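Here is a short tour for a first look. Keep the sequence and the 3D view side by side as you read.

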Amino acid sequence: MDEHEQLALRFEENRGHLRAVAYRMLGSLAEAEDAVQEAWLRLSRTDVSDVGNLGGWLTTVVSRVCLDMLRSRKSRREDALETYVADPVLSELGPEDEAVQADAIGLALLVVLETLSPAERLAFVLHDMFGVGFDDIATIVDKSPAATRQLASRARRRVQGAPASDGDLNRQRAIVEAFMAASRGGDFEALLQLLDPEVLLRADAGAASAQYAGPAVSKLVRGAKAVVEQALMFSRMGPYLQVALVNGTPGLLTVVNGRLMGVMAVTVTDGLITELDILADVERLEAIPLPA
């Protein structure tokens, strides 16, 4: 095995970690893959014979790539940002659910991360999620360690308000299945009993407009009764719903003739649904693989 092949092998050993960092930084599966690929290109052009910790070096590189990508993104309108839902990670329900959940990040949290500045997001993700020290993060954002610590602190205060699901996956799955059954049956009262009074529904349909998409448009809906009305509008899609893990917790997929048409992440808190995050952007959904 020559030197290049050895380097490629060592990179592959770190690929999963780098993808996890990039996904949390960007909220986009495609962009995360691009960032990881760019890290490989930079590695292949660099002499790292004196690098003692290749994993740390690669984490720094992919973080800088992600920071540049975040800074160069076109500014979203406030209303678009309000309804933005990150790319979901889908997996099949099975005996390894707990392991999947342990390494997952909920879509509701990714929505909050989207509101942070690029530097705040990087500081929070690297320090709070991956344990990178502030001295190392400071060199990436070109700030002092004290200023970097403040970035993470500001981000943490914002993130503390993000809804989080209960830890019991079986209980969550039962609630999601009950929601699916009530939606299929058009049962208004049953749906109402499953929802927190202040439940929030966020739908991201991309560029879809009411002209041709009917109810499948980007929207933000608050309150149990209003959310139930939205759920009943989609009752005709009931036969196409199926339960799967969405970012590590039970959620719902809409699959028509083998094509993914919608993903719903469900946040369950204290036995009630507190948030529904729906991705219905057909163009983005086409790039998301269905679970086996």
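## A buried aspartate

Asp277 lies in strand β7. The model is a predicted one. Is Asp277 buried or exposed? Its relative accessible area is 0%, and under 20% counts as buried. Asp277 is therefore a buried residue.

Which side chain makes a polar contact with that of Asp277? The partner is Arg202, at 2.6 Å. Arg202 is also one of the residues that Asp277 touches, leaving aside those up to four places away in sequence.

Strand β7 covers residues 272-279 and pairs with strand β6, residues 259-269. The two run antiparallel, over 7 bridges.

## Strand β4 and its partners

Strand β4 spans residues 241-246 and is mostly covered. Of its 6 residues, 5 are buried. Strand β1 (residues 90-91) pairs with β4 in the antiparallel sense, over 2 bridges. Strand β5 (residues 249-256) also runs antiparallel to β4, joined by 6 bridges.

Leu245 of β4 has a place in both pairings. Leu245 is the bridge partner of Ser91, and Leu245 also stands opposite Pro250 in β5. How many residues sit between the strands in the hairpin of β4 and β5? There are 2. Asn247 in this hairpin takes a positive phi near 55°.

## Helix α2

Now to the helices. Helix α2 holds 16 residues, 29-44. At 1.5 Å a residue, α2 should span 22 Å; its end C-alpha atoms lie 23 Å apart, which agrees. The buried residues of α2 are Ala32, Ala35, Val36, Ala39, Trp40 and Leu43. Seen down the helix axis, they fall within an arc of 140°, so they line one face of α2. Their cover includes α1 (3-26) and α3 (54-72).

At the start of α2, Ser28 makes a contact of its own. A side-chain oxygen of Ser28 comes within 3.1 Å of the backbone nitrogen of Glu31.

## An aromatic pair

The model has 1 aromatic pair. Its rings are those of Phe11 and Trp40, with centres 5.3 Å apart. Their planes meet at 55°, so the pair is tilted. Phe11 is in helix α1 and Trp40 in helix α2, 29 residues apart, and the pair links distant parts of the chain. Both Phe11 and Trp40 are buried.

## A loop threonine

Where does Thr115 lie? It is in the loop between α6 (107-113) and α7 (118-130). At 36% relative accessibility, Thr115 counts as partly exposed.

The side chain of Thr115 has two contacts to look for. One of its polar atoms lies 2.6 Å from the backbone oxygen of Val112. The side chain of Thr115 also makes a polar contact with the side chain of Arg158, at 2.9 Å. Asp135 is 20 residues from Thr115 in sequence, and their C-alpha atoms are 24 Å apart in space.

Note on methods
Residues numbered from 1 in each chain as written. Predicted model: local features only at pLDDT ≥ 70, side-chain atom pairs only at ≥ 80, totals over all residues. Heavy atoms only, no water. Helix = DSSP H or I, 4+ residues; strand = E, 2+ residues; numbered from the N terminus. Expected span 1.5 Å × (residues − 1). Buried < 20%, exposed > 50% of the residue type's maximum accessible area, 1.4 Å probe, protein only. Arc of directions from axis to C-beta. Contact = heavy atoms within 4.5 Å. Polar contact = N/O pair within 3.5 Å; in protein donor to acceptor, adjacent residues only side chain to side chain. Phe/Tyr/Trp six-rings, centres within 6.5 Å; stacked < 30°, edge-to-face > 60°. Pairing = 2+ DSSP bridges.
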